[in-house]
Amino acid sequence: MAKHIYADNAATTKLDSDAFEAMKPWLLDEYGNASQPYAFSRKPREALKSARETIAECIHALPEEIYFTSGGTESDNWAIKGTVFANQDPKPVITSAFEHHAVLHSCEAIERLGYPVAYLWPDETGTVTPQILREVITDEIQLVSVMFANNELGTIQPIKELCEVAHAHNALFHTDAVQAVGHVELNVKELGVDMLSASAHKFNGPKGIGFLYLRKGVKLCSFADGGAQEFGLRAGTENIASIVGMATALKKNVSALETNQKYVMSLEKLLLDKLGGCGVPFVRNGGNYMLPGVISLSFEGKDGEAILHRMDLIGISISTGSACDSKNTEISHVLKAIRLPEQLAKGTIRISLGKNNTEEEIDMIVTALRKIV
Ligand code: PLP
């Protein structure tokens, strides 16, 4: 069988082998419920505490500011719904038009309950500038939610400055940092954010686990009612194995952040140079501040969906910037938000590289694209 090339690391990443090894004991031997008072539960409880401390350290938070969730989707839902439900008055929320659906659909849900939501349009590089927020924000706003880095384009947002604008109007600030955590340096205290969402499977941890950073003192409604887990705000028996796997993967990625960034950026440069060198006309979408390895490419007049399927037949997994139904290629809300012309938007693909990709794979991706496009 031909070698499979995985180049869709923004969709999910391979579980790190150390994270996998770290998870095993908590599934097979030390399976006690962390909430029970007997000796058999002591080790899981200690593991939970230690994982919380490790994760807090990686983002410069306090351990008691880390709440474990089932992933990015839950963290985003919780940040938005938990904030507005904590407030008696239906005060408005601001988000951006190119958020992940976990944020957008949460905002649509609160709109149906009577909470007004305003949507910011990023500029054509895929950036929500502080000025864009300043033009819309008022003292009525209770929450601003803007993603740290866009998952289709890879653009990194000026979060610190956006947060300052929100705080100047006494609004809380949430950022969906699912694509950024474990890939770029992140310090919640320097950024000043009130809430931040993360998901383990985007940084070589297991799927179905994530966390919400909630700044000490910020009031949020509970996400799940039941037991007293997660400081009484998110009930449910803790998934110790996955939590330990997440902490191990995050610590490993954060410790090797610079090395990984340099390596992935060298692969990205190689891909773009080689593709440019073979005369294939393309446009790279995005701005000046980008996540390493997330490459949105538009081929004018081509069909991104068809490129994806032909790459798949060769054994290369990539993604598109469009969602396809059987008759029409629907342009993604992200490409619409940056007002990419239709002829380019329909021919857009996303290649997302990670630390496990190799130069040989880049050669094979470029050769395949040259043939297909
Ligand atoms: N937010 C962003 C920006 C994402 O890219 C994703 C996943 O693709 C999510 C949220 C959802 O995370 P999860 O898969 O952990 O629910």
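Residues are numbered from 1 along each chain as its sequence is written, and side-chain values use heavy atoms, with hydrogens and water left out. Because the model is predicted, local features need pLDDT of at least 70 and side-chain atom pairs count only at pLDDT 80 or more, whereas totals for chains, interfaces and linings use all residues.

**Exercise 1.** Determine the strand order of the open sheet of four strands, and state which strands stand at its edges.

*Solution.* Strands (E, at least two residues) and helices (H or I, at least four residues) are DSSP runs numbered from the N terminus, and two strands pair if DSSP finds at least two bridges between them. With antiparallel pairing, the order is S9-S10-S15-S12. Strands S9 (283-285) and S12 (319-320) each have a single partner strand, so one side of each is left without a neighbour in the sheet. Next, S10 (residues 294-298) and S15 (residues 348-352) are joined in the antiparallel sense by five bridges, with Val 294 opposite Ser 352 in S15.

**Exercise 2.** Compare where the partners lie in two salt bridges, Glu 268 with Arg 284 and Asp 273 with Lys 269.

*Solution.* A salt bridge is a side-chain nitrogen of Lys or Arg within 4 Å of a carboxyl oxygen of Asp or Glu. Between Glu 268 and Arg 284 the N to O distance is 3.1 Å; Glu 268 lies in helix H9 and Arg 284 in strand S9, so the pair ties together parts that are 16 residues apart in sequence. Glu 268 is buried at 11% relative accessible area, while Arg 284 is partly exposed at 25%. For Asp 273 and Lys 269, the closest N and O atoms are 2.7 Å apart, and both residues lie in helix H9, four residues apart, about one turn of the helix. Asp 273 is partly exposed at 43%, and Lys 269 is exposed at 52%.

Definitions and conventions: Buried means under 20% relative accessible area, exposed over 50%, partly exposed in between (1.4 Å probe, protein chains only).
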